[in-house]
Amino acid sequence: MSMLEIKDLEVYYGVIQAIKGISFTVNEGEVIALIGANGAGKTTTLQTITGMLSPKKGSILFEGTDITKVPGHKIVSMGMAHVPEGRRVFAELSVLENLKLGAYTRKDKQEVAESLERVYKSFPRLKERKNQLAGTLSGGEQQMLAMGRALMSKPRIILMDEPSMGLSPIFVEEIFNIIQEISASGTTVLLVEQNAKKALSIADRAYVLETGKIVLSGDAKELMNNESIKKAYLGE
């Protein structure tokens, strides 16, 4: 069974249609890449799945349950986490306080403490800077914090929006290594990413979005060798 199933989704901003009837699936354990140019509708798709936007038509099923009209905070407690574009850390709070906010839906303090240790293991830099204000971290460290905060909710699936945006090549490499570790630990990943080459290199399957429509989909490695993809997104 698909973990996440999007059926005939249509989303509008006022009279402008941003998403034009897209359908796709994410199976348990997969890394799925959603690639496309700026304005293709990638961020809108993630925001609609996580309850931040309401679709005009279509449905969203998460582990067989219809979550199309479920509010965002309830979706988190069902096992879905979202790392938004632009990181959105709480700048005036410490690293540790930011991480603890990620676990606000969880009641078992012992389990939360164990999750914190796991996050520190994946992101040693966050442990070193746990008492530092989040706003004073570098861009790459803030991205790690946003990912760590999402993992604190112990998600079954994590949706990431442009995790490499604005980062130095060294941090980009590190972030993608961590995404692979997250996947290897059993968490399903839906990845929206401008860096198509990097995204396809770690994904199982991919969907290509153009002006609100899925125009191509398939095995990520095969799409990497597709001539039209190479020209449009890989700079080849």
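**Exercise 1.** In E2, which residue is the bridge partner of Ser-2?

*Solution.* Before we start: this is a predicted model, where local features need pLDDT of at least 70, side-chain atom pairs count only at pLDDT 80 or more, and totals for chains, interfaces and linings use all residues. Numbering runs from 1 along each chain as its sequence is written, and side-chain values use heavy atoms, with hydrogens and water left out.

Step one: find the strands (DSSP runs of E, at least two residues, numbered from the N terminus; helices are runs of H or I, at least four). E1 covers residues 2-13 and E2 residues 16-27; they pair in the antiparallel sense over 9 bridges. Pairing here takes at least two DSSP bridges between two strands.

Step two: read off the partner, Asn-27.

Step three: look at the turn. The hairpin has 2 residues between its strands, and Gly-14 takes a positive phi near 65 degrees.

**Exercise 2.** Work out the strand order of the open sheet and find its edges.

*Solution.* Start with the order, E6-E7-E8-E3-E9-E10, with mixed pairing. The edge strands, E6 (80-83) and E10 (213-219), each pair on one side only. Now zoom in on E9 (residues 205-210), which pairs with E10 in the antiparallel sense over 6 bridges. Ala-206 stands opposite Gly-218 in E10.

**Exercise 3.** Find what Ile-158 touches, leaving aside neighbours within four places in sequence.

*Solution.* Take contact as heavy atoms within 4.5 Å. The partners of Ile-158 then include Ala-81, Val-83, Met-147 and Leu-190.
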